[in-house]
Amino acid sequence: MDEQLIRIFEENPDSFVSGEQLSTTLGCSRTAIWKHIERLRQEGYVFEAVSRKGYRMIGKPEKLDIPAIMAELETETFGRTIHYFDEVDSTNTMAHTLVKQGAVEGTLVIAEKQTAGRGRMGRAWHSPKGKGLWMSLILKPRIPLQFTPHLTLLVAVALCRSIRQATQLSAGIKWPNDLLIDGKKISGILLESSADDENLQHVIAGVGIGVNLRPEDYPEELQSVATSLAIEAGREIDRKELLKQFMLELETMYKLYHEQGFAPVKALWEALSVSLHTQVRTQSPQGLKSGFAVGIDDSGALIVRQEDGTLTKWYSGTIEFGAP
Ligand code: BTN
């Protein structure tokens, strides 16, 4: 129905189409037409409505120009094969399917909209149409299984650096891999891996960046905790430029890691982190834990000094800032 509606408006670019005309052509009530138009508005379509004349479509959501991205990419392998979708359940799920079909390292899955985007800890990931970068990159790292957390931090570093370069905004990393601007989340990373005995077979690096969402694009429960690059910068951000930059940063960091190990990644992560030298707390199965974050170790775990002065390590979870 939405596609038929859009086609009718595209065929009549300069004239108004009345609600009555639309309901006759599509065989539904005028109220149903109005509901569809409201939904399309939420997806970024812009309609002019004039009483007794009807509707005219004057704007469409911006779509990623994949051929232009492919032509301008500066990477060797990352993003050199792109599977682009207007809508998908989750790019991570699609990437798993593509791996089974033999997709090579560096294959990128990207969608304008996800209907079942996944976040960490089983949470849903809000992914409205044309407003963000919702993507998954297929990696086949040549590292032992126990080093998988390094990749989580590596992706965060590449993402943070590319956001800073593309927007001049001072994004920072909250352990392990959330990206924040002024305390609000702008991006999340979900790494899903598959292993066979001690060998890592592949990793799907799922990345969601809130690029051009407006405050009203967020559900109420996210409005105080999430923000977008456009909100922070006060202008629309070019998704193509950000994506190109991210692919390049990620490929560079990935090569560096395979050549020199975790040390350079760790140093960059620490320099970009907003979660060190501050009071932190987290919920664990044993209850609330808290302390002062002093660094990360060689496995990527957060080193926390407890009130009694002893050092402890946190290997996973979500941290909050401040004393309990
Ligand atoms: C988090 O909870 O912070 C991680 C969010 C990861 C979201 C991205 S969007 C693209 C990819 N596909 C998914 O279903 N999730 C990741």
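**Figure 1. Lys185 and the ligand in the predicted model**. A polar side-chain atom of Lys185 is placed 2.6 Å from an oxygen atom of the ligand. Lys185 is one of the closest of the 20 residues that surround the ligand, a group that also includes Ser90, Gln114, Arg118 and Arg120.

**Figure 2. Crossing of helices H6 and H9**. Helix H6 spans residues 148–167 and helix H9 spans residues 263–272; their axes come within 9 Å and cross at roughly 55°. The two helices are therefore oblique to each other, and H6 passes H9 in a left-handed crossing. On the H6 side, Leu153, Leu154, Val157, Cys160, Arg161 and Arg164 take part in the contact, meeting Val265, Leu268, Trp269 and Leu272 of H9. By residue class, this contact comprises eight nonpolar, no polar and two charged residues.

**Figure 3. Packing of helices H2 and H3**. The axes of helix H2 (residues 19–26) and helix H3 (residues 30–42) are 9 Å apart, and the helices pack at an angle of about 100°. This angle makes H2 roughly perpendicular to H3. H2 contributes Gly19, Glu20, Leu22, Ser23 and Leu26 to the contact, while H3 contributes Arg30, Ile33 and Ile37. Four nonpolar, two polar and two charged residues make up the contact of H2 with H3.

Note on methods:
Residues are numbered from 1 along each chain as its sequence is written. This is a predicted model: local features need pLDDT of at least 70, side-chain atom pairs count only at pLDDT 80 or more; totals for chains, interfaces and linings use all residues. Side-chain values use heavy atoms; hydrogens and water are left out. Axes are lines fitted to C-alpha atoms, for helices over the stretch in contact, and angles run from 0 to 180 degrees between N-to-C directions. Helices (H or I, at least four residues) and strands (E, at least two) are DSSP runs, numbered from the N terminus. Angles under 35 degrees count as roughly parallel, over 145 as roughly antiparallel, 65 to 115 as roughly perpendicular and the rest as oblique. A crossing is left-handed if the near helix is turned anticlockwise from the far one by less than a right angle, and right-handed if clockwise. Contact means heavy atoms within 4.5 Å. Ala, Val, Leu, Ile, Met, Phe, Trp, Tyr, Cys and Pro count as nonpolar, Asp, Glu, Lys and Arg as charged, and the others, Gly among them, as polar. A residue is near a molecule or strand if one of its heavy atoms lies within 4 Å of it. A polar contact is a pair of N or O atoms within 3.5 Å; within protein, one must be able to donate a hydrogen and the other to accept it, and residues adjacent in sequence count only if both atoms are side-chain atoms.
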